[in-house]
Amino acid sequence: MIDLNLIYRFKTPGKLKKSYKKAKTSYLRRIRWAVSAFYFGMGLCFATWASRIPDIKVALQLSDADLGTILFALPVGQLMMMPFSGKLVTRFGSHRIGVFSLLMYAFSLTNIGLASSSWQLGLGLFSFGLFGNMNNIAINTQGVYTERLYKKNIMASFHGVWSFAGFTGALIGLCMLALDLTPYYHFLIVGGIVCTLVLFNFKFLIKAKETPKIVESNKLFTKPDSTLIWLGVIGFGCMASEGIMFDWSGLYFKDVVKAPGSLVILGYTSFMIMMASGRFLGDSVIERFGRKKVIQISGLMISVGLFTAVFLPYLITSMIGFMIVGLGVSTIVPTLYSLAGKSTSVPPGEALTIVSSVSFLGFLMGPPVIGYIAELLGLRFSFAFIGIFGILIALMVSRIKAIQ
């Protein structure tokens with residue numbers, strides 16, 4: 001593993017200044033590639049599951065409400081791990097927890113493919129949620145450390161890699177459907193890809209000690225920083241919007257838009273392309289306009305995009321609406337994570353646990369709630385309900401001093 005403190009002491013003395021500078025740049029670039037590979041693996045696992053939800057729903061003969069109930073197993077797993085992930089990362093290091101949790105995340109994915117009944121699917125998703133939360137905290141802590149080394153905003157680009165993995169997962173899903181492979185063999189292939197990424201990149205993760213000024217608490221439950229909670233609440237609204245795109249966009253295009261055949265995937269694909277593009281461009285946009293303004297505009301874009309798809313439920317207009325949502329959600333969460341990593345009150349891993357855990361509740365609980373609303377009032381009404389969250393995000397951002 002790479003010791004963060006050694007990199008901070010990487011000097012450029014005398015006549016060797018240029019060669020040392022070149023070596024340091026190359027060294028940092030390899031670290032960034034390694035951390036990006038872990039983001040990619042994490043995103044690929046989740047996107048792979050999301051791409052086969054319609055098939056699993058049909059195979060297990062689940063209604064919208066049944067699916068919504070089973071999807072609750074994911075946030076339950078998330079909640080169970082929530083109090084422990086930050087503590088584990090702080091105690092054992094994000095590099096160790098990152099490797100372990102990503103491997104177990106991939107293993108849990110393959111188990112989901114073996115489900116032949118609703119309770120087995122729920123158990124698989126519970127495990128998926130446990131290791132997903134642990135992996136999320138560990139890898140984002142690595143992202144915070146890497147951003148420190150670069151001394152500029154690069155967190156959005158890491159999340160761009162996660163989004164690109166989502167797009168890749170959708171393409172792989174299409175190929176697997178064309179080959180008529182079952183979810184289990186599909187998930188097994190993806191698990192092998194993730195294990196390969198870990199094998200070639202784990203040595204380049206950052207081994208870092210927490211900032212000396214921060215004293216780790218021995219208590220399992222401590223009162224969290226209120227600013228971190230509010231950052232999490234904003235993330236909740238954003239990730240609820242992102243979550244329904246992953247879990248329900250395909251069904252929306254199938255049942256509401258009435259997209260023919262393989263065009264059902266257009267909603268999810270258009271969303272993922274724009275979210276990934278927005279994240280790769282997001283760091284430079286934030287540098288130019290500031291975090292607060294970018295998040296406010298992004299919140300409004302989420303609302304505009306969802307309302308467009310709701311009030312104009314046609315193929316082209318819905319696709320455009322989902323693209324706007326993709327741009328809207330692209331920069332919010334990376335910015336919130338970056339701010340959390342700069343907290344001086346708690347270690348980065350625990351700060352990220354607070355913000356990302358509250359945020360991910362929106363990502364994981366939003367889709368099940370949508371299932372219940374859709375069962376009662378239809379998918380269009382449920383998408384309109386989530387659309388309100390974007391407006392709330394724009395209003396909340398102006399009240400948080402930490403966001404400038």
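Some ground rules before we look. The model is predicted, so local features need pLDDT of at least 70 and side-chain atom pairs count only at pLDDT 80 or more, while totals for chains, interfaces and linings use all residues. Residues are numbered from 1 along each chain as its sequence is written, and side-chain values use heavy atoms, with hydrogens and water left out.

Okay, rings. A pair of aromatic rings is described by the distance of the centres and the angle of the planes. Here, rings of Phe, Tyr and Trp (its six-membered ring) pair if their centres lie within 6.5 Å; planes under 30 degrees apart are stacked, over 60 edge-to-face, and the rest tilted. That rule gives 14 aromatic pairs. Take Tyr-184 and Tyr-185: the centres are 5.4 Å apart and the planes sit at 65 degrees, so this one is edge-to-face.

How covered are those two? I'm calling a residue buried under 20% relative accessible area, exposed over 50%, and partly exposed in between, using a 1.4 Å probe and protein chains only. Tyr-184 is partly exposed at 25%, and Tyr-185 is partly exposed too, at 48%.

Now have a look at Phe-253 and Phe-322, a tilted pair with 5.3 Å between centres and 55 degrees between planes. Phe-253 is in helix H10 (residues 226-255) and Phe-322 in helix H13 (residues 315-330), so the pair ties together parts 69 residues apart in sequence. By helices I mean DSSP runs of H or I, at least four residues, numbered from the N terminus.

Next stop, helix H14, residues 332-341: ten of its ten residues are buried. Among them are Val-333, Pro-334 and Tyr-337.

So what does His-159 touch, beyond neighbours within four places in sequence? Tyr-39, Asn-140, Arg-279, Val-333, Pro-334 and Tyr-337, where contact means heavy atoms within 4.5 Å. His-159 itself is in helix H8 (residues 155-178) and is buried, at 7% relative accessibility.

Last one: Glu-350, in helix H15 (residues 348-377), is buried at 11%. Its C-alpha is 9.2 Å from that of Thr-141, 209 residues apart along the chain.

Methods:
Helices (H or I, at least four residues) and strands (E, at least two) are DSSP runs, numbered from the N terminus.
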